[in-house]
Amino acid sequence: MIADERTAELARNLQAVRSRIERACADAGREPATLIVVTKFFGAADVHRLAGLGVRDVGENRDQEASDKQAECMDLDLIWHFIGQLQTNKAKSVVRYADLIHTVDRRSLVTALDKAAARLDKVQDVLIQVNLDPQVRPERGGVDPADLDALVEHVQQASSLRLRGVMGVGPLGEDPAPAFARLAQAAADVRRAQPAADVISAGMSSDLEVAVAYGATHLRIGTAVMGSRPTVGYRRSKGGKNNEGEAQ
Ligand SMILES: *Cc1c(COP(=O)(O)O)cnc(C)c1O
């Protein structure tokens, strides 16, 4: 384990976040939710520090950055979550390292991921991302709740994909409670079609307590653990773009 000031900072932040999660789960009378530390924009050294501090789950939102970083962390026993918007031409790459893909939101992506997973003889765990904005905004990703049932069926027909549940991102600058209530409803709809699909991925640094109150099982926490994201993208020098725009 790397022992330095950064490790101490991460340890402090983790402790604070873990106690927020514990309290929120206790208040909701629920089992502890899984903490996914979102490591986007931060390098492999931080991932090693986090692993040394007992983190098991990490989240990334860009394929290039995630696949580079995962390659530098092969020695660690981690669960890799892909939480970013995904283009179909990245499906092949993402299925190589992602344990759970949170952002399946359209048929073409289901088809591409199914084919990519089949080629690797892998059964790929996925979540369906549900759009939680009061007015669906395509650039934010997520299936319109009205189209959820049809997409669930499509995933169920994909023999190399296993549907594990739903994911949602709270609307920008609005009360997260009604949005997470809609997600809980979507999760119940999915479980009716596939009872074992019990994952609800929701909640970020600012709204994890609300997410837990509405049944989140997996929390995606970036800033509260890692600190503010650098304004210049990860490895810009190697051609990576600054993606603050998608940083969410
Ligand atoms: C970056 C990101 C997070 C983490 O957000 P914080 O506010 O930094 O905790 C969670 N979910 C998604 C989809 C993200 O892109």
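**Salt bridges and a parallel strand unit**

The side chains of Glu 60 and Lys 69 form a salt bridge with an N to O distance of 2.7 Å; the term denotes a side-chain nitrogen of Lys or Arg within 4 Å of a carboxyl oxygen of Asp or Glu. The model is predicted, so that local features need pLDDT of at least 70 and side-chain atom pairs count only at pLDDT 80 or more, whereas totals for chains, interfaces and linings use all residues. Residues are numbered from 1 along each chain as its sequence is written, and side-chain values use heavy atoms, with hydrogens and water left out.

Glu 60 is buried at 1% relative accessibility, and Lys 69 is buried at 0%. Here buried means under 20% relative accessible area, exposed means over 50%, and partly exposed lies in between (1.4 Å probe, protein chains only).

In general, side chains of opposite charge can pair when their charged atoms come close. Across the whole structure, 13 salt bridges are found. One of them links Asp 105 and Arg 106, at 2.8 Å from N to O. In this pair Asp 105 is buried, with a relative accessibility of 14%, while Arg 106 is partly exposed at 30%.

Another salt bridge brings together Asp 125 and Arg 162, at 2.7 Å from N to O. Because Asp 125 belongs to strand β5 (residues 124-129) and Arg 162 to strand β6 (residues 161-167), the pair ties together parts that are 37 residues apart in sequence. Strands (E, at least two residues) and helices (H or I, at least four) are DSSP runs numbered from the N terminus. Asp 125 is buried at 12% relative accessible area, and Arg 162 is partly exposed at 42%. Elsewhere, salt bridges with shared partners connect Asp 4, Arg 6, Glu 9, Asp 46 and Arg 49 in one network.

The description now turns to strand β1. This strand spans residues 34-38, and four of its five residues are buried. Strand β1 runs parallel to strand β8 (residues 218-221), to which four bridges join it; strands count as paired if DSSP finds at least two bridges between them. Within this pairing, Ile 36 stands opposite Arg 220 of β8.

Strand β1 also pairs in the parallel sense with strand β2 (residues 57-60), over three bridges. There, Val 37 has Val 58 in β2 as its bridge partner. Together with helix α2 (residues 44-52), β1 and β2 make a right-handed β-α-β unit. Right-handed means that, with the strands pointing away from the viewer, the path from the first strand over the helix to the second runs clockwise.
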